[in-house]
Amino acid sequence: MDNRSPDLYFGIQAMGVSMSKLVYLMNGPNINLLGVRQPELYGSTTLEEIEASCTKLAGELGIGLRCFQSNSEGQFVDWIQEARGSAAAIVMNPGAYSHTSIAILDALAAFDGPVIEVHISNIHARETFRRHSYVSQRADAVIAGCGADGYEFGLLRAARLLR
Ligand code: CA2
């Protein structure tokens, strides 16, 4: 038994998601440094730990998960285009590209499934330039300020939308 709340377990049991669903979990620039620098802003959980907990949760939800991280905007666009042919939903933290990238927004516009945007920090309580996200215009849900837990919340939401 791990330390997740009973509410989360209840949510998992209520889902009943088919095995055939594949979700892409995508992380953008510098998120590979999580847990290594700036723990006061982004916590002490590493990206490897986030990917492991989401992979475990995906298994419990009966969905598949593929994890990606890149510091390159073009690579992100390529993976979103790839998702069109292979993924049912995308959970993504585009990092700083959220605030700058029309290219990522355009790529997402060609993806038909649910898109969940996750930010570890509360971007609305930070610098003005972080308060706008291009990705939010396409996202079905936006989660911010829940720390690393936000990824599991995003995955649960994606699974619910895929039911
Ligand atoms: O809060 C988030 O999840 C962000 O997407 C994180 C991005 C930031 O540019 C966004 O405004 C909000 C930055 C991720 C950088 O992560 C680091 C972690 C440790 C050390 C340095 C950077």
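A pocket here, on a 1 Å grid over the protein atoms alone, is an open set of points with protein on both sides within 12 Å along at least five of seven lines. A molecule sits in a pocket if more than half of its atoms lie within 2 Å of its grid points. In this model, the ligand sits in the largest pocket.

The model is predicted: local features need pLDDT of at least 70, side-chain atom pairs count only at pLDDT 80 or more, and totals for chains, interfaces and linings use all residues. Residues are numbered from 1 along each chain as its sequence is written, and side-chain values use heavy atoms, with hydrogens and water left out.

Next, the ligand's oxygen atoms. A polar side-chain atom of His99 is 2.7 Å from a ligand oxygen. For Arg130, a side-chain N or O atom lies 2.8 Å from an oxygen of the ligand. Ala96 uses its backbone: an N or O atom there is 3.4 Å from a ligand oxygen. On its own the ligand has 500 Å² of accessible area (Shrake-Rupley, 1.4 Å probe), and the protein covers 93% of that.

Last, the cysteines. The structure holds 0 disulfides (cysteine sulfur pairs within 2.5 Å). For Cys67, the nearest cysteine sulfur is that of Cys54, 6.9 Å away.

Note on methods: Polar contact = N/O pair within 3.5 Å; in protein donor to acceptor, adjacent residues only side chain to side chain. 1 Å grid on protein atoms, 1.4 Å probe; cavity = no way out; pocket = protein on both sides within 12 Å on 5 of 7 lines; lining within 4 Å.
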